[in-house]
Amino acid sequence: MPSDSPQPGQKWQDQPPRPPRFGGGGVFVVVFLSIAACIGLVVLLANERQNLKAMTRWLGVDHYLAALHEAPRPPQPLKSQRNLSPTVILPDHFIREPDIGVVGVFVREMRDLGPAFCAAFDSSGISNEGWKASQVDRSTFECLSEDLVRPIGGDEPTASFFFIAKGQPDGEINSIRMKLIAPDTDAGRASHDKLVNAVSTLIHETGWSDLAQLLDSTRKLSDYTTIRFGMSYKFTKEFTGEDRYNLIILPINKDPLVKRAREYFDRSNWLPVPSLSGQMMRLPRATAS
């Protein structure tokens, strides 16, 4: 093998020095790159890392970094474990039995009876001109009948029967009044029969069969006053003269529950219902191709 050691009889010769592994240029490059990296890192982290985020979006690696910083999912419970439901406190009125007494009461109304009511009275012999607008107030509808019987001769007093029902244009009746003058004469007895006939027709048309006592009082011409389901019935004798009687039927709202029930079903408080024709106009129409 070749060897650097001299052979016997030879002298040592001077060898040239080996060059260093890292020269001055290499040191400069390392120092430059370190400083540049520090400056670049400072620039990227400045402004709340906005420059770093912009660079990741430009390089297209932002979604990978977002996946790395995504919050870990909470551990799923094992099948053998039960999920604990949160505690919910319900108000007392959710579980308390409702007080039916304060909810409302049954009330009587005479809705949509006007035209049929007047026609039934006309058929029973109490002639009237039907349900039409009043001459005094055009917003009020009414039907009325007045039967005045004057004696042909002699000093017999006049007998009469008067009936009027007032209400709304849609047929709802707000009040009924009947007035009777019935002296003890044939004309008076005929007028009295008309009153009894009118009360019988009223009970038949409304279905208020519990007013049998009112019918009996009109037959006997005895006072009778009652309130049933928010409707007042009052048949009394006038104090201004003999043989004069009044029957007044109208709704009253003295009871707060009755007032609440009536306000709930009052159609004037309801929202208006759009007409069907208006809804059809807004529907898209198919065009012929």
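User: What stands opposite Lys166 in E4?

Analyst: In this predicted model, the residue opposite Lys166 is Ser175 in E4. Residues are numbered from 1 along each chain as its sequence is written, and because the model is predicted, local features need pLDDT of at least 70, side-chain atom pairs count only at pLDDT 80 or more, and totals for chains, interfaces and linings use all residues. Side-chain values use heavy atoms, with hydrogens and water left out.

User: Why are E1 and E5 said to stand at the edges?

Analyst: The open sheet has 7 strands in the order E1-E2-E3-E4-E7-E6-E5, with antiparallel pairing. Strand E1 (132-133) and strand E5 (224-228) each have a single partner strand, so one side of each is left without a neighbour in the sheet.

User: Why is Thr201 called buried?

Analyst: Buried means under 20% relative accessible area (exposed is over 50%, partly exposed in between, with a 1.4 Å probe and protein chains only). Thr201 has a relative accessible area of 9%, so it is buried. This residue lies in helix H6 (residues 186-206), and leaving aside residues up to four places away in sequence, Thr201 touches Ala120, Phe121 and Ser124, where contact means heavy atoms within 4.5 Å.

User: What makes the aromatic pair of Phe117 and Phe163 tilted?

Analyst: A pair of aromatic rings is described by the distance of the centres and the angle of the planes. Rings of Phe, Tyr and Trp (its six-membered ring) pair if their centres lie within 6.5 Å, and planes under 30 degrees apart count as stacked, over 60 as edge-to-face and the rest as tilted. Phe117 and Phe163 are 6.5 Å apart centre to centre, with 35 degrees between the planes, and the pair is therefore tilted. It links distant parts of the chain, since Phe117 is in helix H5 and Phe163 in strand E3, 46 residues apart. Phe117 and Phe163 are both buried, and ring pairs link Phe117, Phe121 and Phe163 into a cluster.

User: How do you know that H6 is roughly antiparallel to H7?

Analyst: Axes are lines fitted to C-alpha atoms, for helices over the stretch in contact, and angles run from 0 to 180 degrees between N-to-C directions. Angles under 35 degrees count as roughly parallel, over 145 as roughly antiparallel, 65 to 115 as roughly perpendicular and the rest as oblique. The axes of H6 and helix H7 (residues 212-220) come within 9 Å and cross at roughly 175 degrees, so H6 is roughly antiparallel to H7. The contact involves residues including Leu195 and Val199 of H6 and Leu214 and Arg219 of H7.

How values were computed
Two strands pair if DSSP finds at least two bridges between them. Helices (H or I, at least four residues) and strands (E, at least two) are DSSP runs, numbered from the N terminus.
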